[in-house]
Amino acid sequence: MLRTDAQQGLRIKAAHVLGFSASPLALAALRDGIGDTDFRVRAEVCNSLGNFRNRQSLAVLLEVLGKEGHVYVKSAALYSIRRINDRKSLIDLFDFYTEEKDPIFRELLRTTIREYIGRYI
């Protein structure tokens, strides 16, 4: 459904449900869902990837931060990265912070980086 259904509402629900699965197939489907044309589907995919809490999903979410143009999707990716809570993402987050143009998302990144510095350094 996530890959093929014409209704974005059903694709959003499919992405949500896949987030509760720990299977590699669900992770692969979510990875494919990042390319969806609807920003709401992409945001839900990011939310679901945060449930996996592993380095594979973290890599996809960091890729989203680097390539995504929609702030709503980038915010969903950032919140999932925070849930994964891997200190190795700190440098990547700082790199995104230095290049971010949107002032609101830049502030979200700054807050996340400060939190990580306080926790890990």
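Biologist: Let me start with one side chain: what is the relative accessible area of Arg110?

Modeller: Arg110 has a relative accessible area of 32%, so Arg110 is partly exposed. Buried means under 20% relative accessible area, exposed over 50%, and partly exposed in between (1.4 Å probe, protein chains only). Please keep in mind that this is a predicted model, in which local features need pLDDT of at least 70 and side-chain atom pairs count only at pLDDT 80 or more, while totals for chains, interfaces and linings use all residues. Residues are numbered from 1 along each chain as its sequence is written, and side-chain values use heavy atoms, with hydrogens and water left out.

Biologist: Which residue forms a salt bridge with Arg110?

Modeller: A salt bridge is a side-chain nitrogen of Lys or Arg within 4 Å of a carboxyl oxygen of Asp or Glu. Here Glu107 pairs with Arg110, and their closest N and O atoms are 2.6 Å apart. Glu107 is partly exposed too, at 37% relative accessibility. Both residues sit in helix α7 (residues 103-120), 3 residues apart, so about one helical turn separates them.

Biologist: How many salt bridges does the structure hold?

Modeller: The structure holds 10. One of them joins the side chains of Arg11 and Asp36, at 2.8 Å from N to O. Arg11 belongs to helix α1 (residues 8-18) and Asp36 to the loop between α2 (24-33) and α3 (39-52), so this pair ties together parts that are 25 residues apart in sequence. Arg11 and Asp36 are both buried.

Biologist: And what does Asp38 pair with?

Modeller: Asp38 forms a salt bridge with Arg40, with 2.7 Å between the closest N and O atoms. Asp38 counts as buried at 12% relative accessibility, whereas Arg40 is partly exposed at 35%. There is also a network of salt bridges, which links Arg82, Glu115 and Arg119.

Biologist: Now the fold: how many helices and strands are there?

Modeller: Helices (H or I, at least four residues) and strands (E, at least two) are DSSP runs, numbered from the N terminus. The protein chain has 7 helices and 0 strands, giving the pattern α-α-α-α-α-α-α along the sequence.

Biologist: What share of the contacts joins residues 24 or more positions apart?

Modeller: Contact means heavy atoms within 4.5 Å. Among contacts in the protein chain with a separation of 6 or more, residues 24 or more positions apart account for 62%. Buried residues make up 42% of the 121 residues. As for extent, the C-alpha atoms fill a box of roughly 45 × 30 × 15 Å along the principal axes.
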